[in-house]
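Q: Please take a close look at a single part of this model and describe how it is built and what surrounds it.

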Amino acid sequence: MAATDAQTSLRHAFGNVLAFFILILIGVLAFSIRLFSVIKYESVIHEFDPYFNYRVTQFLTKNGIYDFWNWFDDRTWYPLGRVIGGTVYPGLTLTAGTLWWILNSLNIPLSVETVCVFTAPIFSAFASWATYLLTKEVKGPGAGLTAAVLLAMVPSYISRSVAGSYDNEAVAIFALIFTFYLYIKTLNTGSLFYATLNSIAYFYMVCSWGGYTFIINLIPMHALLCIVTGRYSSRLYIAYAPLIVLGTLLAALVPVVGFNAVMTSEHFASFLVFILIHVVALVYYIKGILSPKMFKVAVALVVSGGLAVCFAMIAVLVAMVASSPTMGWSGRSLSLLDPTYASKYIPIIASVSEHQPPTWPSYFMDINVLAFLVPAGIIACFSPLSDASSFVILYIVTSVYFSGVMVRLMLVLAPAACILSGIALSQAFDVFTRSIKLQLPSLSIDSPVDAGDGSSESVVPDDTVKTDKTEDTQKERTSKKSRSRKSSSESVEKPSSKSQIKKRLSVLPLETSIIAIVLLVLLGAFYVVHSVWAAAEAYSAPSIVLTSHSHDGLHVFDDFREAYAWLSHNTEVDDKVASWWDYGYQTTAMANRTVIVDNNTWNNTHIATVGTAMSSPEKAAWEIFHSLDVKYVLVVFGGLVGYPSDDINKFLWMVRIGGGVFPHIKEPDYLRDGQYRIDNMATPTMLNCLIFVETDGKAFDRVRRTEIGKKHFKLTHFEEVFTTHHWMVRIYKLKPPKNRIRGKTKKSKSKANPKTVSKRKELKRNPF
Amino acid sequence: MAKLIFVFLTLIPILCNSFTPEKTSDRRILVLLDDFAVKSSHSLFFKSLQSRGFDLDFKLADDPKIALQRYGQYLYDALVLFSPTIERFGGSIDAAAILDFVDSGHDLIVAADNNASDLIREIATECGVDFDEDTSAVVVDHSGYAVSATEGDHTLIASDDFIKSDVILGSKKIEAPVLFQGIGHSLNPSNSLVLKVLSASPTAFSANPKSKLTSPPSLLGSSISLVSVIQARNNARILISGSLSVFSNRFFNSGVQKAGSPTKHDKSGNEQFFTELSKWVLHERGHLKAVNVQHHKVGETNEPSIYRINDDLEYSVEIYEWSGKSWEPYVADDVQVQFYMMSPYVLKTLSNDKKGRFFTSFKVPDVYGVFQFKVEYDRLGYTSLSLSKQIPVRPFRHNEYERFIPAAYPYYGAAFSMMAGFFVFSAVHLYNK
């Protein structure tokens, strides 16, 4: 027996070392699969929001944390300005800033940009390790490793964390998984130490991403589920109560959350469950000290009284929530619950493509084979159902719902899908390899103990009766939740017990097992191929540099940076540049010019003003822009090279958002028979609006595949000052008011005079 | 934090390269004439210019060698067009060149006449003055005509309907009516740049006196302007008169008696009127400059790069007026400063110390954002001053709030007593078995 023990512990140690190296390799894989963007393009910050984060990080590294906290940015949202410190989730910035600071203190002189570019890949390695930890808590290390390797290359997560994609989600997914891990860990161990760590992890999540509300709703849901299904335990109390108290206090420290942590309905669920768990704890305590008879009497008393109080409180709560105009829910959260809410009431939220519901193919694109493995994982989680596995099930169910609402939240689904698929795969491998092992005598002699679990319990396969017995007792214990404090060892036992059932019941034929394993490996291989393809081709484009392959080779469109460079070199440092809000962050970060609106869409009226200007005729647009001190207008036109997300395609949103605030802008004016068209069938309003001017000089639009309805523009209030190489970005300058005002007599060419003359009068009519 | 750079914006940047009071000695004026006879017949007007230090350069309007600029530099500071009949200028000058001359901040005096050419009319139209489209029409006034020896067709009219502005016409009141004989023009009422300096009486109309009036005249009554001035947005000034002879020695010297008026003046108002008007047009009066805009917190002297909400600040600006020889302090009590962000949050009238310095102090409003100090000073006859200086206003820093709010002491007490109570409870609970 001693020899077996020594052998077992040796195997155990060997397994740990192997797992450690596998984890390191997973980290390397997670990091390196995200480097395609750097290799194929260059080491740049991607897209829109990352540019803002980059700019904030630069500010942080230059001026320190206090100035960052108090930063009033006068270069965006002119003339309102923006209090950056109080409106930004600082987690990402502080993380990258700290990384940079540590590297610099170690005399590794990396630029801030380099650190920012590589923050996301580094944190995706962390995220896969966190997944390992979480899944290990649920179903043992084998499932953990599988889940970790799946997460390291799940396309959905890659799309948000390639090198250069320096956005909140890059660190938030790690924080999300790690918080869940610590919650499960606390739940399994009942340790107050982990509970404290858990609230700190939650604090980091709150710092990082607005998606923290997912945690603060999911964990109460799980606690409630445990209570309802009769699984209440002191461990649950320790996992839940400190998190709510400490977590809420810590969350309120983040300026952007502040009093929202106790004031908005997103957090109310946690408080309700918090009250409930105390009531339940009290009931269990009373139950413990009273005789069963007395207890029944007490229940009858308390329930009648308690129900009345509860109803009163719920009524008060409902009344309070209902009295606030948006029912206390912010627009983004409301659009989660009612998918049609945003498109009905908040065009600015609906206008963002990542706020749209996803299509079916995007599930296949983003989580690929995981979509098929998840159901198997759910089944695996039910046998047996523990606190931890019920949490995972709840996680997948809610995240599937949320991902169906908003394409962006596919990102929350991905870790859940990876965890469940990891569990499914590892369980399947378990079954098949064991079937093979049992049928190969030479092997089964060698290894009477299953390698996967580190259980010291000696299990002899033939001794079915005995196994059955232990099986039953274990099952009983699990279902009764009467586990001892040493539940950590039990959680390791659980998989073993389950594998024993399978071992006994489902010994599959050798050939079937081999074929199944081959098929599973093939499935995995397909996933790897798809993920690498997605990482290399689909999700690596930085979107500020575009490429296209055509018959005569590769074309690179670097028009955005060309335009921003032009602005920064040819305009005054205090000039204001107006553009649709998509380009606001890039303009401030790359051109260092003041913008009117940017991607932080906090002021709908201001955006509507710009939208109105863009959809107004030239003169009205000039007046609006002039009242905002705008010097230059930047528009994006993809018609020449076929770049689809240009301002003309976004134009209907400008009209909708503008019309939401200024009712003289009406969407039907821009549509011909309900159709959006820019050819000669387009409505006159459409052909005369400012945004249409950007098509000037081109006859054919390759995005819309139509001929442009109006080809020559004579601009009186604007002048074109710059057009990039591929015409993608065009910059117009506002002309100063005319030096003289012309009289109105004669000259056939001066037919349009009354307009010019009446300019002064109309100057007073601006939207403010 | 990025260095904040403030822009000092003024809409009179042209000052530097055109109207240059610093070199008053050699201010050159190009006078274009139809023929040199005008030089002697209008010598009184020219002399008054010369006596004020202007260097007049007389040229025939169709002289092929005339040019306004050479190598991109304007040769003259002002242009006098006493050539109403010219159809085509000589040399490189055309209507567009003259308008460019104005748009680059130079002054212009245009005199039309009964037979004004299309070219002159076009220049006038471009400046916002519409001469009667009927080329044969002149201003006729059967009740406001000037009494003369010969009972004429009442085209020589005496007008005393001046603009009421001391800045434009000088502080001395013009007693005698101004004699006028020529064509009338109309102004667009919505055009804020054009001013009617001398208008016709309500009984005047514009028609051909030789023919019988068949249809109602297009220009009627006091809407007819006889002499108008324009101050362009770049403060270039233009004088447009419907008559050349109003500048002539004959009109300057002749006596005048308005029909129906018992008083007979020995000398018409023309000389005083046009001399004073030319002073205004040539920037000898009514030209303001604003310099030395300063603002700082009360008790400090350095200009901050950013203000905090509720700061007290002082603002000052120096405004001077050009007297023809030197910059004199401008004295007025109606200069206002706005603290502006999309709309004025503070509007204060500046007090002045009679030495040209205007100042005030106020409290920054409780709103953060990018504000501007704006001085928009538009007064009749004066150049428009438009100053704006951008300054951001930030909210409180995290450590600028009150640390302890008196009203919250019960809550502090509650929190700390709770902590103490919990500590005692724990100690008792744990060690009191």
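A: **A hairpin in chain B**

Strand 16 of chain B and strand 17 of chain B form a hairpin, with five residues between them. In that turn, Asn235(B) has a positive phi of about 70 degrees. Helices (H or I, at least four residues) and strands (E, at least two) are DSSP runs, numbered from the N terminus. This is a predicted model, in which local features need pLDDT of at least 70 and side-chain atom pairs count only at pLDDT 80 or more, while totals for chains, interfaces and linings use all residues; side-chain values use heavy atoms, with hydrogens and water left out. Residues are numbered from 1 along each chain as its sequence is written, and chains are lettered from A and ligands numbered from 1 in the order in which they are written.

Two strands pair if DSSP finds at least two bridges between them. Gln231(B) has Arg237(B) in strand 17 of chain B as its bridge partner. Strand 16 of chain B also pairs with strand 14 (residues 194-199) of chain B; these run antiparallel and are joined by five bridges. Here Ile230(B) in strand 16 of chain B stands opposite Val194(B).

Strand 16 (residues 225-231) of chain B is largely enclosed by the rest of the structure, because seven of its seven residues are buried. Buried means under 20% relative accessible area, exposed over 50%, and partly exposed in between (1.4 Å probe, protein chains only). For chain B as a whole, 53% of the 433 residues count as buried.

Asn270(B) is another buried residue, at 0% relative accessibility. Asn270(B) lies in helix 7 (residues 270-281) of chain B. Leaving out residues up to four places away in sequence, Asn270(B) touches Pro177(B), Val178(B), Leu179(B), Val246(B), Phe251(B), Phe252(B) and Thr275(B), a contact meaning heavy atoms within 4.5 Å.

Chain B is divided into domain 1 (15-281), domain 2 (287-398) and domain 3 (402-431), with bounds from an automatic or database domain assignment. The centres of domain 1 of chain B and domain 3 of chain B, taken over C-alpha atoms, are 88 Å apart. Along the principal axes, the C-alpha atoms of chain B fill a box of roughly 130 × 50 × 40 Å.
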